[in-house]
Amino acid sequence: MSDNYKIAAEAREAALCESCRGIQRDWRRAPGHAELVQGENRKEDRDGHSVTVTRYRCARCASIWDYENNKSNQRAGWSLPRR
């Protein structure tokens with residue numbers, strides 16, 4: 001099963017444009033890139049407090065990104081929930 005997961009992850013990475021591949025994930029305050037189009041915001045609970053998660057879509061490769069702005073967690077930031 002882990003081989004299938006690894007193959008799927010590699011395929012997802014290969015589908016990203018060069019700009020998306022350069023985004024540093026899981027690090028708060030890391031920059032995105034100019035072709036990310038901001039979508040909706042939502043609030044989520046993390047350890048008893050509310051954080052803002054903003055959804056973005058890449059205009060070039062259509063990848064969907066989430067940016068978690070959690071000031072108490074340096075490892076929050078960009079994540080790639082789906083393509």
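Trainee: What makes Arg25 and Glu13 a salt bridge in this predicted model?

Mentor: Their side chains meet at 2.7 Å, N to O. The cut-off is 4 Å between a side-chain nitrogen of Lys or Arg and a carboxyl oxygen of Asp or Glu. The value lies within 4 Å, so the pair counts as a salt bridge.

Trainee: What parts does that pair tie together?

Mentor: Arg25 lies in the loop between H2 and E1, and Glu13 in helix H1, so the bridge ties together parts 12 residues apart in sequence.

Trainee: Why is Arg25 called partly exposed?

Mentor: Its relative accessible area is 28%. Partly exposed runs between the 20% limit for buried and the 50% limit for exposed. Arg25 falls in between, so the label holds. Glu13 gets the label too, with a relative accessible area of 29%.

Trainee: How do you know that Glu35 forms a salt bridge with Arg60?

Mentor: The closest N and O atoms are 2.7 Å apart. That is within the 4 Å cut-off, so the pair qualifies. Glu35 lies in the loop between H2 and E1 and Arg60 in the loop between strand E2 (49-58) and E3, so this bridge ties together parts 25 residues apart in sequence. Glu35 is partly exposed at 29% relative accessibility.

Trainee: How many salt bridges does the structure hold? Which residues join into one network?

Mentor: The structure holds seven salt bridges. One is between the side chains of Glu44 and Arg42, at 2.7 Å, N to O. Salt bridges with shared partners then join Arg42, Glu44, Arg46, Arg55, Asp66 and Glu68 into one network.

Trainee: Why is the pair of Trp65 and Trp78 called edge-to-face?

Mentor: Start with the distance. The ring centres are 6.2 Å apart, and rings pair within 6.5 Å. Now the angle. The planes stand at 90°, and over 60 degrees counts as edge-to-face.

Trainee: Are Trp65 and Trp78 buried or exposed?

Mentor: Trp65 has 0% relative accessibility and Trp78 has 5%. Buried means under 20%, so Trp65 and Trp78 count as buried. The structure holds three aromatic pairs. Tyr56, Trp65, Tyr67 and Trp78 form one aromatic cluster.

Trainee: What makes Cys17 and Cys58 buried?

Mentor: Cys17 has a relative accessible area of 9%, and Cys58 has 0% relative accessibility. The limit is under 20%, so Cys17 and Cys58 are buried.

Trainee: Why is Gly22 called exposed?

Mentor: Gly22 has a relative accessible area of 60%. Exposed means over 50%, so it passes. Gly22 sits in the loop between helix H2 (18-21) and strand E1 (36-46).

Trainee: What makes H1 hardly covered?

Mentor: The count of buried residues among its 13 residues is zero. Helix H1 (residues 2-14) reaches 18 Å from its first C-alpha to its last, close to the 18 Å expected at 1.5 Å a residue.

Definitions and conventions
Residues are numbered from 1 along each chain as its sequence is written. This is a predicted model: local features need pLDDT of at least 70, side-chain atom pairs count only at pLDDT 80 or more; totals for chains, interfaces and linings use all residues. Side-chain values use heavy atoms; hydrogens and water are left out. Rings of Phe, Tyr and Trp (its six-membered ring) pair if their centres lie within 6.5 Å; planes under 30 degrees apart count as stacked, over 60 as edge-to-face and the rest as tilted. Buried means under 20% relative accessible area, exposed over 50%, partly exposed in between (1.4 Å probe, protein chains only). Helices (H or I, at least four residues) and strands (E, at least two) are DSSP runs, numbered from the N terminus. The expected span of a helix is 1.5 Å times one less than its number of residues.
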